[in-house]
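Hello,

Here is the structure I promised to pass on. My notes follow below it.

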Amino acid sequence: LGDAFKQMAERLRESIERLQEDIRKRKRLTTLLNKSKERFRRVIEATPGVFLLIDRHGQIVLANQRTEALFGYQPDDLIGRPLDILLPERYRLAHKKHFAEFMIRPSLRPMGNGLPLMALRRDGSEFPIDISLSSITTENGRAGLAYITDISERKQTEEALQRSHQQYEQLVNSIDGIV
């Protein structure tokens, strides 16, 4: 009985040591995972544009702080809401179709196709945007990662350049008419 008790005690001690080592490993992995999550969050927050992670159903699952400046929404206000909230009504149906196609064939970039893209702020105002869309695999399946920038200034500059070019053409044509 004494030897059997000693063997049981030894096996119990070994089991406790393995459990303690497993706990230490899990703590290290948890620490690494938390550091990785924090690093990812810092990268997302450091970008100058809006980052949105959209699940396969079109629901926003991640948004960076830039959403407040660009759209007027706190990131938490957008989580779990459809991406459509950021689109003018007239684009929503086409967007759903394009997004569904993108989720099936992520190598396509159906967003825009050279057409102007407009977004909708919380206050109802619209503004031109550019979107870079990538496919990403998450623990919940495929998702879309959208990087959105406001191109209002670029559009204004392009329009001013076009007006300037038209004025130049008119001036050249009027000079040709005189000569």
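Helix α4 (residues 89-104) has 16 residues, so at 1.5 Å a residue it should span 22 Å. Its end C-alpha atoms are 24 Å apart, which agrees. The expected span is 1.5 Å times one less than the number of residues. Helices (H or I, at least four residues) and strands (E, at least two) are DSSP runs, numbered from the N terminus.

Before the rest, the ground rules. This is a predicted model, with local features needing pLDDT of at least 70, side-chain atom pairs counting only at pLDDT 80 or more, and totals for chains, interfaces and linings using all residues. Residues are numbered from 1 along each chain as its sequence is written, and side-chain values use heavy atoms, leaving out hydrogens and water.

Back to α4. The helix bends by about 30° at histidine 95. That bend is the angle between axes fitted to the seven residues ending there and the seven starting there. His95 is also one of the buried residues of α4, with Phe99, Phe102 and Met103. Buried means under 20% relative accessible area (1.4 Å probe, protein chains only). Their cover includes β1, β4 (126-138) and β5 (141-150); contact here means heavy atoms within 4.5 Å.

Next, β1. Five of its six residues are buried, so β1 is largely enclosed by the rest of the structure. Strand β1 (residues 50-55) runs antiparallel to β2 (residues 60-63), joined by three bridges. Two strands pair if DSSP finds at least two bridges between them. Leucine 53 stands opposite leucine 62 in β2, and isoleucine 54 opposite isoleucine 60.

How many cavities of 30 Å³ or more does the structure hold? One. The largest cavity has a volume of about 70 Å³. Ten residues line it, and the closest to its centre are Leu83, Leu87, Ile129, Ile131 and Ile148. β4 and β5 each supply at least two residues of that lining. A cavity is a set of points, on a 1 Å grid over the protein atoms alone, where a 1.4 Å probe fits but cannot get out; lining residues have an atom within 4 Å of a point. Points are joined across faces, edges and corners, and the volume is the space filled by probe spheres set on them.

Best wishes

Key
Buried < 20%, exposed > 50% of the residue type's maximum accessible area, 1.4 Å probe, protein only. 1 Å grid on protein atoms, 1.4 Å probe; cavity = no way out; pocket = protein on both sides within 12 Å on 5 of 7 lines; lining within 4 Å.
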